[in-house]
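Here is a short briefing on one protein structure. Look it over first, then read the points below.

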Amino acid sequence: MARLQTGLNVMQFVLPYSGLQWSDLPFMLEGAWRTIMLTIMAGSLGTLLGVIVGWLRETFVSFRIGLIPFIDVIRSVPLIIQFILVNSFQSILGLQFDPFWIGVVTLSIYMAVLTSELVRAGLQSVRPELSRAGRSLGMSYWQGFLHIRAPLAIRTALPGWIGALIALTKDTALVSVIGYIELLRAAQVLINRSNEALLILAGVGLFYFVICYPVSLYARRLERRLAI
Amino acid sequence: MIEIHNVHKAFGSLKVIRGVDLEIKKGEVLCLIGASGSGKSTLLQCVNGLEPIQQGEIQVDGISVHAKDTNLNKLRQKLGIVFQQYNAFPHLTALENVALAPRVVKRISKAEARALASKHLKHVGLGDKEDVFPSRLSGGQQQRLAIARALAMEPSYMLFDEVTSALDPELVGEVLDTLRMLKSEGMTMVVVTHDIVFARETGDRIAFFKDGRICEVGEAWQVVNAPREEHTRQFLKRVLA
Ligand SMILES: Nc1ncnc2c1ncn2[C@@H]1O[C@H](COP(=O)(O)OP(=O)(O)O)[C@@H](O)[C@H]1O
Ligand SMILES: [Mg+2]
């Protein structure tokens, strides 16, 4: 890492009793930024895909049955292995994607599977009589979906989805197995050099907390507001 | 006018409607009575096209309900229906429940829809419940809300499917009062009910349904006081006992 080298050579602002330097900060910030980007990209792509897949599974028997093996595999194989498999697969095909994109794709698919389960459960929780009532008032399928089924399904699915999003934030750390330096991997690099494991890990832990906590806080407020 | 001609309907191999002929004229109140499981609900659902039929025809103002080229979403605006179970949209206030379909289906403005909804809520005696969510309403209030919601589409016909059956006895009266009010305003109604007294007093005609067929149909007082069919007599004896 070029930046790491510079950090070692230019010895400015050495913290007392520590091998850490202020110049390590940009390196950590870069890692943090990558963690955030991975979460945002995989979170939004995965959710979008998951909503569509969840609706397909709930609406068409062919999708419900056809997707079962795929979903079981994604849910039961540890993510860390999925990263390695996707990465090896692209090498076999002779493709050369940035590890960032391998990470985004793998995490998105994982997130999509979790989201599709939640969307399905959400849609199932809406009494069919309510859709019937909507149709009897002259609403089309999509009008009923938009104004009745979706708002009610979201209320059921929201807590689980927030949980999945928070888990995803932490799971981004696993992208390091294919050589991508996100926050946790950056921390490891610094720990190896400075032997300040406790301090660095506490800082990194705090960072994860700082991005996850507002999400769950906001979710709790939203849940309360949507409560019926 | 609603015209039902020789309608047959089955769920898989279970024949539920087995050749029904019935006409409901404009301004008339027709009460449908009969044992549970005899197909009354199914018939109402066929009339507004929620259920397909296998044979026969149903026409509403000359439009064939089950014809391929019929715009059902449009036709259903003519037919209000209120079900036995409360079907208020739980995520919407009373006012929003009533305003939703006019706004979405008829595409009137939000302000107009709210004014319309407000008017219909007042009409059924829920003027002070506009901002209340259904979970805070009693069963009787929820059924009146459902009636207001259907009326807001300004239908020509109202179909009621045992709208008081799920209610506590002390709440039945307020809903039946609402139906009587609609009759006095000249609304054409088909009312499925177990309440023979209500059917005799409010219905113009009564049709007795048995095993997917109309066993007897006639003027309300006649069917109750002087039934022609032995089956009707037995049924009335059972429910009035
Ligand atoms: N969606 C359905 N699928 C299968 N069977 C049904 C369905 N709806 C009603 N049935 C059956 O059709 C018969 C008539 O039901 P219904 O019309 O509800 O009778 P009623 O309203 O007179 O009590 C019953 O035997 C009932 O079990
Ligand atoms: Mg019924």
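In β4(B), B:Glu3 has B:Gln59 as its bridge partner. Helices (H or I, at least four residues) and strands (E, at least two) are DSSP runs, numbered from the N terminus. This is a predicted model: local features need pLDDT of at least 70, side-chain atom pairs count only at pLDDT 80 or more, and totals for chains, interfaces and linings use all residues. Residues are numbered from 1 along each chain as its sequence is written, chains are lettered from A and ligands numbered from 1 in the order in which they are written, and side-chain values use heavy atoms, with hydrogens and water left out.

**The sheet**

- Strand β1 (residues 2–11) and strand β4 (residues 55–60) of chain B pair in the antiparallel sense, over five bridges.
- Two strands count as paired if DSSP finds at least two bridges between them.
- Strands of a sheet pair through backbone hydrogen bonds, either parallel or antiparallel.
- In chain B, four strands form an open sheet in the order β2-β1-β4-β5, and the pairing is antiparallel.
- The edge strands are β2 and β5 (63–64) of chain B, and each pairs on one side only.

**Around ligand 1**

- Which residues surround ligand 1? They are B:Phe11, B:Leu14, B:Val16, B:Ala35, B:Ser36, B:Gly37, B:Ser38, B:Gly39, B:Lys40, B:Ser41 and B:Thr42.
- A residue is near a molecule if one of its heavy atoms lies within 4 Å of it.
- This shell divides into four nonpolar residues, six polar and one charged. Ala, Val, Leu, Ile, Met, Phe, Trp, Tyr, Cys and Pro count as nonpolar, Asp, Glu, Lys and Arg as charged, and the others, Gly among them, as polar.
- A backbone N or O atom of B:Lys40 lies 2.8 Å from an oxygen atom of ligand 1.
- For B:Gly39, a polar backbone atom is 3.0 Å from a ligand 1 oxygen. For B:Ser38, the distance from such an atom to a ligand 1 oxygen is 3.3 Å.
- The protein covers 59% of the 560 Å² of accessible area that ligand 1 has on its own (Shrake-Rupley method, 1.4 Å probe).
- The most come from α1(B), with three residues.

**Confidence**

- Chain B has a mean pLDDT of 95, and 100% of its residues reach 70 or more. pLDDT is the predictor's confidence in each residue, from 0 to 100.
- The predictor gives the complex an ipTM of 0.91 and a pTM of 0.87.

Technical notes. Polar contact = N/O pair within 3.5 Å; in protein donor to acceptor, adjacent residues only side chain to side chain.
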